[in-house]
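Good morning, and thank you for making time for this presentation. Please have the sequence and the structure open before you while I speak.

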Amino acid sequence: MTNNEYGRHATSMRTHLCGDLRTGDIGTTVSVCGWVARRREHGEHLAFVDLRDHSGIIQCVIDNSVDVRSEYVIRITGVVRARPEGTTNLNVATGEVEVGECIVEVLRSADPPPFAVDERADGVDENVRLQHRYLDLRRQRMQRNLRVRASVNSAVREAMERQGFVEVETPMLVPSTPEGAREFLVPSRKSPGSFYALPQSPQLFKQLLMVGGTDRYYQIARCLRDEDLRADRQYEFMQLDMEMSFVTQDDVLAAVGEAVLSAAEAVLGERPPEIERITWHEAMNRFGVDKPDLRFGMELVDVTDVFSQTEFKAFAGAEAIKAIVVPNAASEYGRNQLDRLTDRAKSIGAKGLVWLKVIDGGFDSPVAKFISESEGTELRAATSASAGDLVLIVADNWMTTCEVLGTLRNDIGRPPVHQGPYRYVWVVEFPLFVGVDQATGRPKPGHHPFTRPHADDVDLIESDPLSVRSIAYDLVLNGWELGSGSIRIHEPELQRRVFAALGISQEEADRKFGFFLRPFDYGAPPHGGFAFGLDRLTAILAGEENIREVIAYPKTQSGADLMTNSPLEVDIAILSELGIRTLPKVD
C-alpha cells in the first residue's frame, strides 16, 4: 500500500494501519490502533510492544511503567523512526522501522487468551480454536484467508457483470423437493404441520428466471444441505450460481471460465491458462476418476490386448485389464505395504491386485511365473516401465478396473490439493443415466432429471439408456470438484421421454415438479447453467486443505457450532406454537 492510500483507513482514532508503515514514513507522527501481540522488557525504563491489526505488526517503544499485556486493545501515538543498526527484522514488512516517543492509551484490557494468537495456534486443538473463533480470526493466517475470500467474490462479481449477467436473489424459504440431498426443514407457524425447506441450490428458481426472460442471471448464493461434513463440505456453503438463455455448452463454459480465471488472477497475481477439456469417458480411462488431478502422472494404461491370450487365470476373460506405474518405487514398497495396497484395492471392489517390481530381465513378483516372456515384453512397452518401477494391475469389468486404479493412483501420488501448479479441467459428456435400480429395473439418473441428453444419443433413451451421454459438465481443480452444470431440457416431449425412462409417470411428474414444469408451457428458451463452490475455490487459492479455514464461522465435523453451543434444544412452548412434538432421545 502506498502512502497516498492511507486516507482510506484513517479515522479519528488512527492515521495508519500497523502493517503499512515503511521507511518512507520516518519522521511522521502517527496514531495506530490494535492488539498487543507481544511485550518485551528492554532495560529498566523501556519496553517493546508489537502492536497488531489485520494488516500486520509494528514494533513500538513504550515506557516500561505502562501496564499493557497480551491482547490488550490500545492506541499508540508516536513518531516513526528507523530501527537501530543491527536490529532490523526482514521477516516482517515493517521490520526496518519502529514507533518511538509513544503515548499509550488503553482502550480495553483483556483476559489472558486460551491460546497464543499467532501461528502457534495451528498446533492447538481445532475444537478450542472454533470455540474461541473470534480470537482465532485475529491471526494473520485467518485475516489473509478472509481477504482472499473477499477478493474471489469481488472478482467473480466483476467478471459476471462484464459479461452482462444480472444479480438476482432467490428465496431462502422454498418447498421441499423430492430429489437431491437431505434438506433442512423450517416449520410454518401459520400452517402447523407444514414445512418450508432451506434451499439446496437455486436450481428451479434460476431456470424459471430464464422462462421469465432474465436472459443472464447470477448470484453468490447461500445453499444448505444436511449431509455429513468433511474437509470440502459444510452444512452451509456459498456458490457462484448462474444461468443463461439461448446458449450452447461452449457459451456456458466460456462464461464460467472467465469468472474462475479472473478470481484466480485476483488472488495469485497472474491469470492461469485457458481451462483444458476432456470427456468423462477419457477421464475414467486415463485417471480412473471423474475428478482427475492433472498435476502428476501415473495415468492408467489399458493392457487388455497384452493379455488377450493369457493363461494367467486372474486375467483370463476379464473385460478390462489396466495398469499404473509407480516410478522408482520397487525398492520403497515392502511386502507389508504391498499387502496393504491389495487390501485397499479389495475394499474398493477389486477381486485382487497384481503387483510387479520391474527388474533387469523381468519382474520380481509372486505371479511373475504366470506371465509369459512375450507378455512381459509387451507390458513393459505398453506402460513404459523400467527397472526400479512398480507396476500395479487390476483385471475386472471396465468401471471397477478404472475406479480401483484411480483410487490407488490418488492414494499413492496425489500432492496436497493447494500445492501448485493449479490445473483446471472441464469434464464433459457425463452419462445421463448411471446403472440400474435393482428394485425397479429402471436406469438411475446421473444428474437431475432436467439435464439435456446429447443430441447424438437421443434415439437411445428407450433402447439403450446407459449409453446416453448428457450435456453436463463439471469443473475440477487439482482433483477437487468445484462445481457442475448442464444444458437443460426445455421441450415437454423430450422431458416426458426422460421421465418415462426413469419410471416417472405424467401424474407423478405433475405432483413432484408441476410448479416448475407448468411455466415451460408458456415458452421456455433453450438455456443452461452452472454453479461452483466459492468455499472450495477460495481454500485452494488460499493454500488450505480444509474449507473451514476460509469460512468465518464454520461447523465442526459433527455439525456443531462450538462458539454458540448450537444446535440447542428449543423451549417446549415454542415447539407447541409450531405444532411440533419431539420424540424421546434414543441412546
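Let me begin with a term: a residue is called buried under 20% relative accessible area, exposed over 50%, and partly exposed in between. Please bear in mind throughout that this is a predicted model.

With that term in hand, consider the charged pairs. Side chains of opposite charge can pair when their charged atoms come close. Across the whole structure, a search finds 48 salt bridges. I shall discuss a few of them.

One joins Glu126 to Arg548, with 2.9 Å between the closest N and O atoms. Glu126 belongs to helix H1, residues 126-131, while Arg548 sits in the loop between helix H12 (534-542) and helix H13 (572-577). The two residues are 422 residues apart, and the pair links distant parts of the chain. Arg548, at 7%, is buried.

A further salt bridge is formed by Arg157 and Glu167, whose closest N and O atoms are 3.1 Å apart. Arg157 is part of helix H3 (residues 140-162) and Glu167 is part of strand E6 (residues 166-167), so this bridge ties together parts that are 10 residues apart in sequence. Arg157 is partly exposed, with a relative accessible area of 30%, and Glu167 is partly exposed at 29%.

Glu462 and Arg497 also meet through their side chains in a salt bridge, at 2.9 Å from N to O. Here the loop between strand E19 (443-445) and strand E20 (472-477) supplies Glu462, and helix H10 (residues 492-501) supplies Arg497, so parts 35 residues apart in sequence are tied together. Arg497 is partly exposed, with 22% relative accessibility.

Salt bridges also form a network, which links Glu119, Asp122, Arg129, Arg133, Asp136, Arg139, Arg141, Glu544 and Glu549.

I turn now to the nonpolar interior. In soluble globular proteins, nonpolar side chains tend to be buried together. The largest nonpolar core holds 46 residues, of which Met242, Tyr424 and Phe532 touch the most other members. Helix H5, residues 249-268, gives the most to this core, with 9 residues. Which residues does Phe532 touch, leaving aside those up to four places away in sequence? They are Val156, Met238, Gln239, Leu240, Val256, Val260, Leu482, Gly483 and Leu537. There is also a second, separate core of 34 residues, and among them are Ile278, Ile324, Leu392 and Val476.

Finally, the aromatic rings. The search of the whole structure finds 14 aromatic pairs. One of these, Phe312 with Phe315, is edge-to-face, with 4.8 Å from centre to centre and 65 degrees between the planes. Both of these residues, Phe312 and Phe315, are buried.

By contrast, how are the rings of Tyr473 and Phe530 arranged? Their centres are 6.1 Å apart and their planes lie at 20 degrees, so the pair is stacked. Tyr473 comes from strand E20 and Phe530 from strand E22 (residues 527-533), so the pair ties together parts 57 residues apart in sequence. Tyr473 and Phe530 are both buried.

Ring pairs also link a cluster made up of Phe450, Phe499, Phe513, Phe516 and Phe520. Lastly, the charged end of Arg409 sits over the ring of Phe296, 3.8 Å from the ring centre.

Key
Residues are numbered from 1 along each chain as its sequence is written. This is a predicted model: local features need pLDDT of at least 70, side-chain atom pairs count only at pLDDT 80 or more; totals for chains, interfaces and linings use all residues. Side-chain values use heavy atoms; hydrogens and water are left out. A nonpolar core is a set of buried Ala, Val, Leu, Ile, Met, Phe, Trp, Tyr and Cys residues joined through side-chain atoms within 4.5 Å. Buried means under 20% relative accessible area, exposed over 50%, partly exposed in between (1.4 Å probe, protein chains only). Helices (H or I, at least four residues) and strands (E, at least two) are DSSP runs, numbered from the N terminus. Contact means heavy atoms within 4.5 Å. A salt bridge is a side-chain nitrogen of Lys or Arg within 4 Å of a carboxyl oxygen of Asp or Glu. Rings of Phe, Tyr and Trp (its six-membered ring) pair if their centres lie within 6.5 Å; planes under 30 degrees apart count as stacked, over 60 as edge-to-face and the rest as tilted. A charge sits over a ring if NZ of Lys or CZ of Arg is within 6 Å of the ring centre and within 35 degrees of the ring normal.
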